[in-house]
Amino acid sequence: MIGKKIASGDYGVIYSAQCNRSKDYIIKIQDDNSLMEGFIQHVFPNVAPIVYQIWKCKNSGTTFIIMESMDISIEQYIQKKPSKQNLIKIMKKSFEQMEHLHSVGILHGDAHLGNFMIKNNKVKIIDFGYSILSKPLID
């Protein structure tokens, strides 16, 4: 069941969703021809939310990405006034994730606190719509 609209941006609209009332998901609907976001999330599940399905409509070019739901953005986390120690741990994890992306040639293009999500004390990066490859992923 598709739930409420969570966010929208230049590259798509994001909705909450639930399957059999047991598990929460996110559905991102993109109106462009870019599959970069789904590709990155599928290839690097420790860096980005896990992608369960990607569908592309042949007629409209619309892409549907079904991915794991995340708990909170770092931006929202900071508003809750965490301890300095916990904030440093979360920010360190964020820097490590970006460093990993850069090491394999992926430049995010829209890195800000709202695009770093936390779930089960793990940090994952979202919104790869502006990302580019600075080198081939496979030599």
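Student: Which residues is I74 in contact with, leaving aside its neighbours within four places in sequence?

Tutor: I74 is in contact with I90, M91, S94, L113, F116, I118 and V123. Contact here means heavy atoms within 4.5 Å. One thing to keep in mind: this is a predicted model, where local features need pLDDT of at least 70 and side-chain atom pairs count only at pLDDT 80 or more, while totals for chains, interfaces and linings use all residues. Residues are numbered from 1 along each chain as its sequence is written, and side-chain values use heavy atoms, with hydrogens and water left out.

Student: What makes a set of residues a nonpolar core?

Tutor: The members are buried Ala, Val, Leu, Ile, Met, Phe, Trp, Tyr and Cys residues, joined through side-chain atoms within 4.5 Å. Buried means under 20% relative accessible area, exposed is over 50%, and partly exposed is in between (1.4 Å probe, protein chains only). By that rule the largest core has 17 residues, and I74, L101, I118 and I125 have the most contacts inside it. The elements giving two or more residues are α2 (74–79), α3 (84–103), β8 (116–119) and β9 (122–125), with α3 giving the most, 4 residues. As a general point, nonpolar side chains in soluble globular proteins tend to be buried together.

Student: Why is S73 called buried?

Tutor: S73 has a relative accessible area of 5%, so with the limit at under 20% it counts as buried. Not counting residues up to four places away in sequence, S73 touches L113, G114, F116 and M117. The place of S73 is in strand β6 (residues 72–73).

Student: How do you know that two residues are enough for a strand?

Tutor: Strands are DSSP runs (E) of at least two residues, whereas helices (H or I) need at least four, and both are numbered from the N terminus. Residues 72–73 therefore qualify as β6.

Student: What makes β6 and β8 a pair?

Tutor: Two strands pair if DSSP finds at least two bridges between them. β6 and β8 are joined by 2 bridges and run antiparallel, so they meet that rule. The open sheet here has 3 strands in the order β6-β8-β9, with antiparallel pairing. Its edge strands are β6 and β9, each pairing on one side only. Helix α3 packs on this sheet, touching β8 and β9, and its direction makes about 40 degrees with that of β9. For angles, axes are lines fitted to C-alpha atoms (for helices over the stretch in contact), and values run from 0 to 180 degrees between N-to-C directions.

Student: Which strands make up the open sheet of 5 strands?

Tutor: The order is β1-β2-β3-β5-β4, with antiparallel pairing. β1 and β4 (51–56) are the edge strands, each pairing on one side only. From one strand to the next, the twist averages 20 degrees. Strand β1 (residues 2–9) pairs with strand β2 (residues 12–19) over 5 bridges, K5 having Y15 as its bridge partner. The two form a hairpin with 2 residues between them.

Student: Why is the aromatic pair of Y25 and Y52 called edge-to-face?

Tutor: Rings of Phe, Tyr and Trp (its six-membered ring) pair if their centres lie within 6.5 Å; planes under 30 degrees apart count as stacked, over 60 as edge-to-face and the rest as tilted. Y25 and Y52 are 5.4 Å centre to centre with 85 degrees between the planes, so the pair is edge-to-face. Y25 lies in strand β3 (residues 23–30) and Y52 in strand β4, so the pair ties together parts 27 residues apart in sequence. At 19% relative accessibility Y25 is buried, while Y52, at 33%, counts as partly exposed.

Student: What makes the phi of N120 stand out?

Tutor: Phi of N120 is near 55 degrees, a positive value in a residue other than glycine. Most residues other than glycine have a negative phi. N120 sits in the loop between β8 and β9 and, at 62% relative accessibility, counts as exposed.
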